[in-house]
Amino acid sequence: MSTMPLKDDATVVQRIFDHIDHRTTDVSDETWREPVANYTSPERFAAERELVLRRYPTPFCPSAALPEVGSYVARDAAGTPILAVRGADGRVRAFRNACRHRGTQLAAGTGCERAFVCRYHGWTYALDGALRHVPHEYGFPGLDKSTRGLVPVAAVAEVGGMVFVTQDAPSPPNTDLDRLPPMISSQHRLLNSAALEVPVNWKIFAEGFLEGYHIRSTHTETFYPRQFDNLNVIETFGRNRRIAFPYRAVNKLRSVTPAEWSVDGKLTYVYHLFPNVMIATFPANIFMTVLEPVAVDRTVFITYVLTTRSADDVEAQTTIKRGGDFVQAGAVEDREIVCAIQRGVASGANEFFEFGRFEGLLTHFHRELRAALDFGKAHPRTQPDGTAVR
Ligand code: FES
Ligand SMILES: [Fe+2]
């Protein structure tokens with residue numbers, strides 16, 4: 001598999017035509033055996049959250065979820081309550097979501113505030129995290145408010161229409177944020193978002209997005225009639241990956257000159273942004289899905305649906321509705337399967353899961369995950385100033 005920049009759409013379409021004509025698909029050179037213990041071990045799960053998910057710049061939400069000054073999203077990420085908020089200067093900051101008096105969580109869900117006022121005793125924080133007001137401050141002799149602002153995460157970056165949160169340092173080198181392909185544009189607005197807890201390990205969930213070998217068997221009545229079985233173009237970029245799922249309608253492009261090929265409605269790209277975020281493209285909208293690991297066998301499936309189409313565009317609304325129903329039907333089938341895998345894990349039947357040559361992106365994911373774990377183990381967590389954590 002290539003680590004070069006992603007192919008352009010015309011190259012992907014040509015490759016799809018070649019696969020259709022030769023009844024082939026992209027295959028990887030290698031196969032992989034992943035020990036089942038890596039999906040069940042509480043120690044491994046803790047290490048994944050601590051050493052990878054908290055150390056890596058992880059997409060937290062789309063920029064469109066923080067449209068104005070004071071817009072915030074508060075949720076747990078890798079087990080840490082995080083509050084991300086757009087400041088008066090337009091910058092997004094992210095903090096550990098706890099009051100500096102006696103620790104009450106400051107915000108939940110989403111909303112827009114001019115300041116965060118703790119509901120317990122009213123300590124008040126500005127959007128940049130500074131502690132601004134302590135009621136009856138004389139009760140805290142010697143309190144230096146400048147040292148009791150909200151505790152920031154190690155780093156925040158707003159890149160490519162997404163907010164990336166890095167909770168702890170040090171991160172692995174070459175985190176590639178500057179070289180991400182365009183996925184979400186500044187024109188995208190948030191249509192809706194939802195969260196659903198699913199009884200499955202987060203990696204089993206992720207794997208379901210990364211291969212088209214299951215299309216006919218799992219999505220017999222939903223995706224298969226519109227797509228192809230086991231016909232994909234797979235690519236890797238840095239620690240990330242992309243898979244193209246063509247629709248049968250892609251054949252219509254054969255009568256169009258390549259210079260005029262548009263993949264809109266002809267294929268779905270699924271981008272897997274390491275470690276736990278999927279971006280899937282559909283006509284008229286984009287799904288950003290965060291697979292938030294809450295326990296070794298439980299994942300919160302957070303979905304943001306984004307569109308560039310105007311709310312007044314009636315035709316677009318119909319396409320969005322139809323597309324949403326289509327994706328939903330397939331997603332239900334995928335959830336049934338991943339839950340069945342999770343239940344199967346308890347059988348003890350398998351020592352390992354085998355990823356074949358059609359499942360090369362799973363191999364790439366697990367290799368990157370292993371490397372990130374090794375980096376984390378070799379580089380103990382540090383304070384933002386570089387000193388060791390006590
Ligand atoms: S815990 Fe927040 S003001 Fe007391
Ligand atoms: Fe699927």
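This is a predicted model: local features need pLDDT of at least 70, side-chain atom pairs count only at pLDDT 80 or more; totals for chains, interfaces and linings use all residues.

Which residue is the bridge partner of I82 in β5? The partner of I82 there is R96. Residues are numbered from 1 along each chain as its sequence is written, chains are lettered from A and ligands numbered from 1 in the order in which they are written, and side-chain values use heavy atoms, with hydrogens and water left out.

A word on terms. Helices (H or I, at least four residues) and strands (E, at least two) are DSSP runs, numbered from the N terminus. Two strands are called paired if DSSP finds at least two bridges between them. In general, strands of a sheet pair through backbone hydrogen bonds, either parallel or antiparallel.

I begin with the sheet that contains β5. It is an open sheet of 4 strands in the order β5-β4-β3-β6, with antiparallel pairing. β5 (92-96) and β6 (109-112) stand at the edges with a single partner strand each, so one side of each has no neighbour in the sheet. On average, neighbouring strands here are turned by 20° against each other, direction ignored; the axes are lines fitted to C-alpha atoms, for helices over the stretch in contact, and angles run from 0 to 180 degrees between N-to-C directions. Strand β4, residues 80-86, is joined to β5 by 5 bridges, and the two run antiparallel.

β2 pairs with β11 (residues 162-166) in the antiparallel sense over 4 bridges, and P59 has F164 as its bridge partner in β11.

T166 also belongs to β11. Is T166 buried or exposed? With a relative accessible area of 8%, T166 is buried, where buried means under 20% relative accessible area, exposed over 50%, and partly exposed in between (1.4 Å probe, protein chains only). Leaving aside residues up to four places away in sequence, T166 touches residues including R54, R55, Y56 and P57; contact means heavy atoms within 4.5 Å.

I turn now to β15, residues 267-273, a mostly covered strand in which 7 of its 7 residues are buried. L267, Y269, Y271 and L273 point one way from β15, whereas T268, V270 and H272 point the other way. What joins β15 to strand β14 (residues 240-246)? The two are joined by 6 bridges and run antiparallel, with R241 opposite H272 in β15.

β15 also pairs with β16, residues 277-282, in the antiparallel sense over 4 bridges. A hairpin joins β15 to β16 through 3 residues, and Y271 stands opposite I279 in β16.

The C-alpha atoms of I279 and T268 are separated by 10.0 Å, with the two residues 11 apart along the chain.

Thank you for your attention.
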